[in-house]
Amino acid sequence: MAVEQEVTAPENLALAQAPRLVTELPGPLARGVMERDARWTSPSLPRAYPLVPRRGAGSVLEDVDGNRFLDFNAGIAVCSTGHSHPRVVEAVQRQAEDLLHYSGTDFYLPIYSQVCEALDRITPVGGPARSFLTNSGTEAVEAAIKLARHNTGRQYVIGFFGAFHGRSYGSVSLTASKSLYRATFGPLLPGIIHAPFGNRFRPNKPASPEAFDGDYISEVVFKRLVRPDEVAAIVVEPILGEGGYVLPPEGWLRQLRELCTRHGILLVADEVQSGMGRTGRTWAMEHWGVEPDIVLAGKGIASGLPLGAMIAREDLMTWTTGMHGSTYGGNPLSCAAALVTFELIESELAGNAAKVGSALLDGLQALAARHPIIEDVRGLGLMIGVEFPDHDVADAVEKASFRRGLLVLGAGDSAVRMSPPLVVRPDQAETALGIFEGACAEVAAAR
Ligand code: PLP
C-alpha cells in the first residue's frame with residue numbers, strides 16, 4: 001500500500017522537525033518489510049523494536065513510511081558524525097569512483113597507511129603505534145588476543161563480567177554480559193578468565209554494588225587460578241557498553257595499569273563503543289589518564305562504514321609477515337570515511353559530545369529526581385545509561401520511547417542507553433528529555 005509522504009530534501013532532513021509520526025508504528029510499508037524479513041533472515045537477529053529505517057541526516061532518522069525519529073542510538077553508537085554527513089558521503093563517493101577494493105593485506109593501499117598514521121597521532125599507547133585494520137570490532141578483539149599471545153608467549157587472557165567484546169569465537173569467549181551469547185556454542189576459547197568489573201559484582205546497581213573486598217585479580221585469579229606470568233593480557237572496556245553503560249570506580253583503571261606493568265601483562269582497552277569522541281575525548285581511557293598498550297576501535301571510527309582497528313605500541317608488533325591479515329580489512333571506502341571522521345571529531349564533535357552530553361546528563365538527573373522509577377543516571381559525554389528497577393521496566397521505557405518517536409536501546413540487565421550521533425544539538429537533547437520523561441511516566445503509571 002502506498003503511503004503519502006511529504007518529501008524532504010536530504011539536506012533539510014537534519015533540520016526537519018523530529019519526531020514526526022505520520023502512521024501507526026510499524027506503518028504499512030514497515031510491516032511489509034518485516035514480513036519478508038521474517039521469512040528470509042537468520043532468526044538469531046535480536047531486533048529491539050519494529051524500526052525500518054530508510055534514510056537519515058544528522059540525528060534524524062526517517063522510516064520507510066515517512067515517520068521521523070530522533071535517533072539516540074546512532075545505529076548503536078556507530079554514526080558518530082550523524083547520518084550521512086555530507087563530507088563523509090563526498091569522500092566515499094570520490095573514493096568509489098577511483099577504487100572500490102584492493103586488498104591492503106597483500107598489496108599497498110595509500111589510504112590504509114594514511115589511516116594508520118592518523119591513528120598513531122590520536123592514540124596514546126605509551127609510544128609510537130602501528131595499526132592492523134579490520135572490518136568490525138570483533139575482528140579487532142581477535143587480532144589483539146592473537147598478538148598478545150604471540151608477543152608475550154603466554155596463554156591466559158583476563159576479561160570482566162558484564163563486558164561485551166563481540167561474537168566471533170575469541171571475542172565471545174571474552175564476552176560475559178549475557179550467557180545467551182555463549183550458550184550451546186562451547187567449548188569456547190580456552191585460557192579466558194573473568195573477574196568482576198571494578199571489583200564489583202553488581203556494578204550497575206549503585207545502591208548495592210556488592211564489591212569484592214580487595215583486588216579480585218591479585219587475590220583470587222593470581223592466587224587460585226593462574227600465575228601472573230602466565231597472563232598475556234587484560235582486556236577491558238573503560239566503560240561497560242552493552243553491559244549497561246557502567247563507569248569504572250575511580251582509580252580502578254589506574255590500578256589495572258599498574259598491575260599489568262608490574263607483571264608484564266598487556267593492557268588492552270576495548271574502545272569499540274566508548275572511543276572516537278563519544279565520551280568527549282577521543283578515547284574514554286583519557287578521562288582517567290591511563291595509557292593502555294593496545295587500543296581497539298570500531299563502530300564510530302568510519303561514521304557507519306565497516307572499519308575496526310587494533311592499535312598497538314610499535315614494540316609489541318612482533319608478529320611477522322603473513323601471520324595475520326584480512327581480505328577486506330581497511331578497505332578504501334571505509335578508510336576514506338575514517339579520515340574525514342577523524343577530522344570532524346577532532347575539530348568539533350568531541351567538544352560537542354562533551355557539551356551536549358553534560359546537558360543531557362544534567363537533564364536526566366533532574367528527571368530522576370522527579371521519577372523514582374529511575375534508579376541511576378550515569379555516563380560521560382554522549383554515552384549515557386539510565387538504570388531502572390528491572391529488565392521489564394527498562395524494556396517498557398525503551399518501547400514507549402519508540403512509540404513517541406525517540407530511539408533508545410536497552411543495555412545490561414536493566415538499563416536504557418543513550419548514544420546519539422556526536423552532532424546532536426542542544427534543542428534535540430531537550431526534545432529527547434521531554435519524550436523520555438513521558439515514556440518513564442507512562443511506564444510508572446502502568447506498574
Ligand atoms: N567491543 C565492544 C566494546 C562493543 O561494544 C562491540 C559491539 O557492540 C564489539 C566489540 C564488537 O563489535 P562488532 O559488532 O563490530 O563486531
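Biologist: Which of the 14 residues around the ligand come nearest?

Modeller: Ser136, Gly137, Thr138, Gly166 and Val272 do. A residue is near a molecule if its C-beta atom, placed from the backbone, lies within 6 Å of it. This is a predicted model, where local features need pLDDT of at least 70, side-chain atom pairs count only at pLDDT 80 or more, and totals for chains, interfaces and linings use all residues. Residues are numbered from 1 along each chain as its sequence is written.

Biologist: Which helix gives the most to the shell around the ligand?

Modeller: Helices (H or I, at least four residues) and strands (E, at least two) are DSSP runs, numbered from the N terminus. Here helix α6 (residues 137-152) gives the most, with 3 residues.

Biologist: What is the strand order in the open sheet of 4 strands?

Modeller: Two strands pair if DSSP finds at least two bridges between them. In this sheet the order is β1-β2-β3-β13, with mixed pairing. At the edges, β1 (53-57) and β13 (406-407) each pair on one side only. Strands β2 (residues 60-63) and β3 (residues 68-71) run antiparallel, joined by 3 bridges; Leu61 has Phe69 in β3 as its bridge partner.

Biologist: At what angle do the axes of α11 and α12 cross?

Modeller: Axes are lines fitted to C-alpha atoms, for helices over the stretch in contact, and angles run from 0 to 180 degrees between N-to-C directions. The axes of α11 (residues 391-403) and α12 (residues 426-446) cross at roughly 130° and come within 9 Å. Angles under 35 degrees count as roughly parallel, over 145 as roughly antiparallel, 65 to 115 as roughly perpendicular and the rest as oblique; α11 and α12 are therefore oblique to each other.
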